[in-house]
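Subject: Structure handover

Hello,

Here is the structure I said I would pass on.

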Amino acid sequence: MPVSKERIIRPDFSLSPRIDQVGVEERASRFTKRSIKKETKLNGLKLVLNMIDLTTLEGKDTDGKVKQLCYKAMHPHDDLPGLPTVAAVCVYPTMVKVAKKALEGSGIKVASVTTAFPSGQAPRDVKIRDTKYAVANGADEVDMVISRGKFHAGEYNFVFDEIAMIKEACGEARLKVILETGELGTYDKVRRASDIAMQAGADFIKTSTGKIQPAATMPVTLVMLEAIRDFYYKTGKMIGMKPAGGISKSKLALHYLVMVKEVLGEDWLSNEWFRFGASSLANDVLMQLVKEETGLYQAANYFSVD
Amino acid sequence: MATTKKPVRKKNSTAKSNTIKLKFDTSWPYAPAPESKSAATIHKQYDLFINGEWQKPLSKKYFDTINPANEEKLSEVAEANEADVNRAVTAARTAYEQVWKKMPPKERAKYIFRIARMVQEKARELAIVETLNGGKPIRESRDFDVPTAANHFFYYAGWADKLEYAFPNRGTAPLGVAGQIIPWNFPLLMAAWKIAPALATGNTVVLKPAETTPLTALKLAEIIQEADLPPGVVNILTGAGATGAAIVNHPDINKIAFTGSTEVGKIIQRAIAGTNKRVTLELGGKAANIIFEDAPLDQAVEGVINGIFFNQGHVCCAGSRLYVQESVAKEVIRKLKDRMESLIVGDPLDKNTDIGAINSKQQLATIRKYISIGKKEGAEMYESSCPLPGKGFFCRPTLFTNVAQSNRIAKEEIFGPVLAIITFRTDDEVIEKANNSPYGLSAGVWTDKGSKIFNMTKRMRAGVVWANTFNKFDPASPFGGYKESGFGREGGLHGLLPYLELKG
């Protein structure tokens with residue numbers, strides 16, 4: 001006999017911990033007071049570069065554009081030898097095949113947004129097919145969006161089930177769950193959505209699509225990191241974090257690293273557990289790296305735009 | 001068949017869950033980022049600032065002032081004796097009678113505004129000197145002490161010509177010469193708290209900074225001189241307890257303002273009994289910080305950390321007693337321990353230092369004494385694992401669990417980075433425990449429920465109660481204690497009253 005859905009008892013997500021807005025913003029700003037100098041800066045910048053999901057998510061994306069981006073991912077700046085590559089290239093499902101081929105043998109992951117990104121306004125079977133298509137084409141990672149409308153309507157079980165089903169559709173691919181925090185409105189809701197995503201099987205939680213303002217902010221990321229920490233203590237399971245959108249400067253990226261280091265510690269300081277969803281950040285990091293090496297800032301023209 | 005499946009995994013996973021721990025010793029440590037000492041000038045020797053000039057002490061004595069972070073001598077300062085105090089009081093009296101009392105209030109305001117602006121202009125230097133002499137981290141002297149001191153001068157400068165609106169239909173008159181004795185935990189800020197309202201209300205001042213931290217007060221004297229304040233309006237005398245006693249006992253002083261220990265506060269009370277000196281005392285504390293189960297825990301933990309480890313715990317309103325509701329106690333303690341691991345103890349001049357040097361050898365001994373008392377009393381001690389510098393006076397952030405109300409570490413003021421954690425079950429219980437203290441300076445309440453905040457704050461016997469935050473200061477907000485934490489208020493409109501006679 002099939003078990004009726006009503007019998008499944010899930011945590012009451014409306015009871016997720018509360019977040020004090022003033023307190024969390026004050027704490028987040030404290031990380032920006034850390035002074036990052038010399039080898040700390042150099043190593044930090046390399047780490048940032050290695051954590052970037054280089055992204056192109058546009059209606060006008062073509063095979064050519066994706067190939068160029070993949071080349072940039074593998075060769076961020078050949079003038080400076082010994083640089084790490086970025087972590088992944090993030091594209092739409094239709095571009096996965098192209099990216100996969102272009103990145104072959106590089107170790108760089110292909111991430112694909114799915115589930116009717118960025119709005120997520122599509123029937124569930126479409127979302128599942130979208131995901132399966134990306135995975136079948138070789139996506140190593142899937143970036144899904146949650147149904148924010150259902151979330152705001154308090155239908156947490158709907159959101160939960162949807163994430164669980166997409167997780168199933170992912171198979172071996174790692175699942176990043178985009179909360180689109182810019183549409184959630186409060187830190188309480190960011191925390192609640194984080195808890196739902198992690199309980200439902202997310203491997204990563206991610207702030208934003210990059211299509212909505214505000215995208216990633218430090219306080220929002222802090223709330224999510226704290227949710228990850230609490231979940232880790234409860235279950236022993238590590239969850240990754242990906243702030244996306246709005247991080248285009250090295251200095252800000254280093255502040256994020258400081259935050260990860262001081263909230264979650266050493267284990268999260270690698271691209272297996274922390275990513276930056278960004279496209280213009282890479283060149284700013286490269287510019288800073290060159291400056292650290294040579295003592296001089298080079299003009300933007302010396303850094304390739306792909 | 002059933003024997004082939006052993007529940008091995010389950011056993012493994014429970015074993016694992018007991019060892020879940022975040023690792024904060026990282027492969028990405030912060031490189032040293034010291035603030036430059038060269039941005040500050042410290043003379044080899046400082047005399048007494050009397051009547052607008054630097055005067056040699058009649059005592060002919062000087063004493064060393066050191067940097068508690070490396071025990072090296074920074075400078076030597078004059079030790080004022082009774083005769084020096086008398087000179088300073090005479091200068092202050094003359095300035096009061098002949099200049100300051102008669103000056104139109106808006107002219108007085110101009111001087112105070114000028115001091116405020118100059119404190120801002122010299123903010124970097126003042127912050128460095130404060131850190132060198134007191135041991136507090138540069139982040140705090142730069143972001144808190146110096147800007148808040150400037151704000152205090154700005155705020156009271158604004159009141160100088162508006163006293164008739166502060167107390168409508170009551171005439172106001174200054175008291176005369178104020179003797180002010182300040183502690184070593186916030187040397188410049190306490191000087192600002194004392195001098196600004198005294199000047200705004202038309203009094204003149206004889207101020208004694210603490211023995212261990214005289215330098216920023218002397219820097220302030222330089223600013224006052226540069227600001228062209230009429231001679232004698234502010235006099236700054238360095239010295240130890242005997243100098244303070246000479247100020248307290250001087251017959252021509254009209255008002256004593258003291259911030260410091262309850263013990264000395266009581267001595268002052270006795271000394272001035274029978275005289276017509278007015279007095280305000282801001283003394284010790286043992287603040288209760290209360291976390292309810294519905295509180296935003298991560299922010300509460302951050303508040304507790306700031307409440308007790310701010311300025312190495314050398315804060316009279318430090319949240320040194322943490323009351324946490326039993327249902328969340330385990331989680332809160334775990335979060336506190338994790339947060340403590342990310343606190344950096346070390347060179348106060350380093351911009352990344354969270355906890356600097358303990359102010360003096362003597363204070364470090366007191367803190368250590370209390371830590372060993374806590375252990376002997378059976379409380380469980382935990383300290384963070386950070387390395388400590390080889391020289392200087394340092395103490396790791398420390399907490400005690402399993403503490404009872406009757407433990408000395410829960411009753412007495414330690415004035416260091418040591419937190420005593422006590423659990424509770426109900427609202428009434430925690431109110432009773434929180435108020436069960438001879439002190440009553442400050443308290444904190446952490447809950448998501450607005451009505452509970454008002455209920456708690458109403459029943460708490462403490463001068464300042466913070467809700468969902470801690471250690472927040474604003475010049476417009478009065479500060480002061482109940483019971484053995486003293487009396488009189490500093491800051492805000494209330495802070496004018498101790499320096500005024502109200503008529504009619």
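Conventions

This is a predicted model, in which local features need pLDDT of at least 70 and side-chain atom pairs count only at pLDDT 80 or more, while totals for chains, interfaces and linings use all residues. Residues are numbered from 1 along each chain as its sequence is written, and chains are lettered from A and ligands numbered from 1 in the order in which they are written.

The two chains

Chain A contains 11 helices and 8 strands (DSSP runs numbered from the N terminus, H or I of at least four residues for helices and E of at least two for strands). Its radius of gyration is 19 Å, close to the 19 Å that the globule rule gives for 306 residues, so chain A is as compact as a globular protein of that length. The radius is taken over C-alpha atoms, and the rule is 2.2 Å times the number of residues to the power 0.38. Along the principal axes, the C-alpha atoms of chain A fill a box of roughly 70 × 45 × 30 Å. Of the 306 residues in chain A, 53% are buried. Buried means that 20 or more other C-beta atoms lie within 10 Å of the residue's own, exposed means 12 or fewer, and partly exposed is in between, with C-beta atoms placed from the backbone. Contacts in chain A with a separation of 6 or more are made to 74% by residues 24 or more positions apart; a contact requires C-beta atoms, placed from the backbone, within 7 Å.

Chain B has 16 helices and 22 strands. Buried residues are 55% of the 504 in chain B. Among contacts in chain B between residues at least 6 apart in sequence, those joining residues at least 24 apart come to 73%.

Nonpolar cores

A nonpolar core here is a set of buried Ala, Val, Leu, Ile, Met, Phe, Trp, Tyr and Cys residues joined through C-beta atoms within 7 Å. The largest has 98 residues, and Val48(A), Ile52(A), Val89(A), Ala99(A), Val177(A) and Ala197(A) have the most contacts inside it. Helix 9 (residues 218-235) of chain A gives the largest share of this core, 9 residues. A second, separate core of 87 residues includes Leu48(B), Ile115(B), Tyr156(B) and Ile236(B).

Leaving aside neighbours within four places in sequence, the contacts of Val177(A) include Met144(A), Ile163(A), Ala197(A) and Phe204(A).

Domains of chain B

Chain B is assigned domain 1 (37-283 + 485-502) and domain 2 (288-474); the bounds come from an automatic or database domain assignment. The C-alpha centres of domain 1 and domain 2 of chain B are 30 Å apart. Their contact takes 18 residues from domain 1 and 25 residues from domain 2. On the domain 1 side, helix 4 (123-134) and helix 5 (138-159) of chain B each supply at least two residues, and helix 5 of chain B has the largest share, 4 residues. That side divides into 5 nonpolar, 8 polar and 5 charged residues. Ala, Val, Leu, Ile, Met, Phe, Trp, Tyr, Cys and Pro count as nonpolar, Asp, Glu, Lys and Arg as charged, and the others, Gly among them, as polar.

Contact between the chains

The contact takes 28 residues from chain B and 30 residues from chain A. On the chain B side, helix 1 (8-18) and helix 11 (297-309) of chain B give two or more residues, with the largest share, 5 residues, from helix 11 of chain B. By class, this side of chain B has 10 nonpolar, 9 polar and 9 charged residues.

Helix 11 (residues 281-294) of chain A has 14 residues and reaches 20 Å from its first C-alpha to its last, close to the 20 Å expected at 1.5 Å a residue (1.5 Å times one less than the number of residues). Its buried residues include Leu281(A), Val285(A) and Leu289(A). Just after helix 11 of chain A, Gly295(A) takes a positive phi of about 85°.

Leu103(A) lies in the loop between helix 4 (96-102) and strand 3 (109-113) of chain A. Leu103(A) counts as buried because it has 24 C-beta neighbours inside 10 Å.

Regards

Definitions and conventions:
Two residues are in contact if their C-beta atoms, placed from the backbone, lie within 7 Å.
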